[in-house]
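This report describes selected side-chain features of a single structure. The sequence and the model are shown first.

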Amino acid sequence: MKAVVIRTFGDPDGLEVVDVPAPDPAPGQVRIATEAVGVGGVDAVIRRGTLAAHGFREGHLLGSEVAGTVTAVGDGVDASWIGQRVWAFTGLSGGYAEQAVAAVEDILVLPDDLTGTDAVTLGGSGVVAHFALDRARFTPGESVLVRGAAGSIGITAVQLAARRGASAVAVTTSSTARGARLRDLGATHVLDRSGEGGPDAPTGFDAVIDMISGPQLPLFIDRLNPNGRYVAVGVVGGQPPTDFGMRLMDGFRKSLSFTTFSSDTVPVPDRQAVRSSQFTEAAHGDLRTVVHEVFPLDRAARAHHAMDAGEVFGRIVLTP
């Protein structure tokens, strides 16, 4: 089968399409013939070699979520899964391939009216957006800033915050056109990447959901209201300054909170319950997914070039 691996860490041209044997499902796993593969920010971070110290090596097969049809099951898995159309979390590897394996607890049957492309656009990101707002202890009437809102996590977070009764949903983005699209999804204020907006933009926020991190993170800590909560859910802009905690201490009398969040810390049944509900909403048109572009699997490098260039609004999807 065809798969995409990291030949050399660095820019997207280090990705290579290779022929490898189809994986056999281990006990507790299923094998899936993929129809859609989600391309996420974490894939780019791994590709650059940023996480090499955490065990990622050249030769790594990228990809963490797929949609497709179960074709085989491992020992201990009910054979009735065969033929089911599912979304699956494959871990942090194995998704960029014509066939992938996943633990049976990490798959979910898809609604008939939901495309595989929409499933991998929402499956991982929707859960992060949902629980990030929970981690921020967001309540109706509060203001929220979604930093890096043009990605699939941010797009879902904007919709959820608006639906939960936020008094203001501000976003950072790189262009007027993107801002208009985010307003259509529920944003009330559009800021530039440094957090500056028009005269009517809020000067402070009760909660910040941040996909970017990077060197400007302390500027956004400064935008927290008293008792404000900051939740970092990604590092697509790189690590923050090592002394960013000083900004929290400088605001000591404001009782600020900072936390990181990974959906890995949410029990699997809770993740799957939220995901199932969101898939149903998306199938009915009540929760919108945004697909930037669909590329063939063998053009994964082009997909990563688009991400690195900051061209993407929504999700990029690969199809075998």
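## Surface, aromatic pairs and salt bridges

Met 246, Met 249 and Phe 252 together make a nonpolar surface patch of about 360 Å². Patches are built from residues with over 30% relative accessible area and no salt bridge, with like charges joined within 9 Å and nonpolar side chains (Val, Leu, Ile, Met, Phe, Trp, Tyr) within 5 Å. Accessible areas come from the Shrake-Rupley method with a 1.4 Å probe, and for residues only the protein chains shown count as cover. Met 246 is placed in helix H6 (residues 245–250). Helices (H or I, at least four residues) and strands (E, at least two) are DSSP runs, numbered from the N terminus.

The model is predicted: local features need pLDDT of at least 70 and side-chain atom pairs count only at pLDDT 80 or more, while totals for chains, interfaces and linings use all residues. Residues are numbered from 1 along each chain as its sequence is written, and side-chain values use heavy atoms, with hydrogens and water left out.

### Aromatic pairs

The structure holds 3 aromatic pairs. Rings of Phe, Tyr and Trp (its six-membered ring) pair if their centres lie within 6.5 Å; planes under 30 degrees apart count as stacked, over 60 as edge-to-face and the rest as tilted. One of the pairs is formed by Trp 87 and Phe 279, edge-to-face, at 6.4 Å centre to centre and with 65° between the planes. This pair links distant parts of the chain, since Trp 87 belongs to strand E5 (residues 85–89) and Phe 279 to helix H7 (residues 268–283), 192 residues apart. Trp 87 is buried at a relative accessible area of 2%, and Phe 279 is buried at 1%. Here buried means under 20% relative accessible area, exposed over 50%, and partly exposed in between (1.4 Å probe, protein chains only).

The rings of Phe 244 and Phe 258 have centres 4.9 Å apart and planes at 55°, so this pair is tilted. Phe 244 lies in the loop between strand E12 (224–232) and H6, and Phe 258 lies in strand E13 (residues 257–260), 14 residues apart. With 18% relative accessibility Phe 244 counts as buried, whereas Phe 258 is partly exposed at 25%. Tyr 230, Phe 244 and Phe 258 form one aromatic cluster.

### Salt bridges

Side chains of opposite charge can pair when their charged atoms come close. A salt bridge is taken as a side-chain nitrogen of Lys or Arg within 4 Å of a carboxyl oxygen of Asp or Glu, and by this rule the count comes to 13. The table gives examples.

| Salt bridge | Closest N and O atoms |
|---|---|
| Asp 19 and Lys 2 | 3.7 Å |
| Arg 288 and Asp 184 | 2.8 Å |

Asp 19 in strand E2 and Lys 2 in strand E1 are 17 residues apart. Asp 19 is exposed at 61% relative accessibility, while Lys 2 is partly exposed at 38%.

Asp 308 counts as partly exposed at 34% relative accessibility, but Arg 47 counts as buried at 1%. A network of salt bridges links Arg 47, Arg 48 and Asp 308.

Arg 288, in the loop between H7 and E14, and Asp 184, in helix H4 (residues 176–184), are 104 residues apart. Arg 288 is partly exposed, with a relative accessible area of 41%.

Which residues of helix H8 (residues 300–308) are buried? They are Ala 300, Ala 303, His 304 and Ala 306. These residues cover an arc of only 155° around the axis, which puts them on the same side of H8; the arc is that of the directions from the helix axis to the C-beta atoms. What covers the buried residues of H8 includes strand E1 (2–6), strand E2 (15–19), strand E3 (29–39), helix H1 (41–47), strand E14 (291–296) and strand E15 (315–319). H8 is followed by Gly 310, whose phi is positive, near 70°.

Arg 315 is placed in strand E15 and counts as buried at 9% relative accessibility. Leaving aside neighbours within four places in sequence, Arg 315 is in contact (heavy atoms within 4.5 Å) with residues including Gly 38, Glu 65, Val 120, Ser 152 and His 292.
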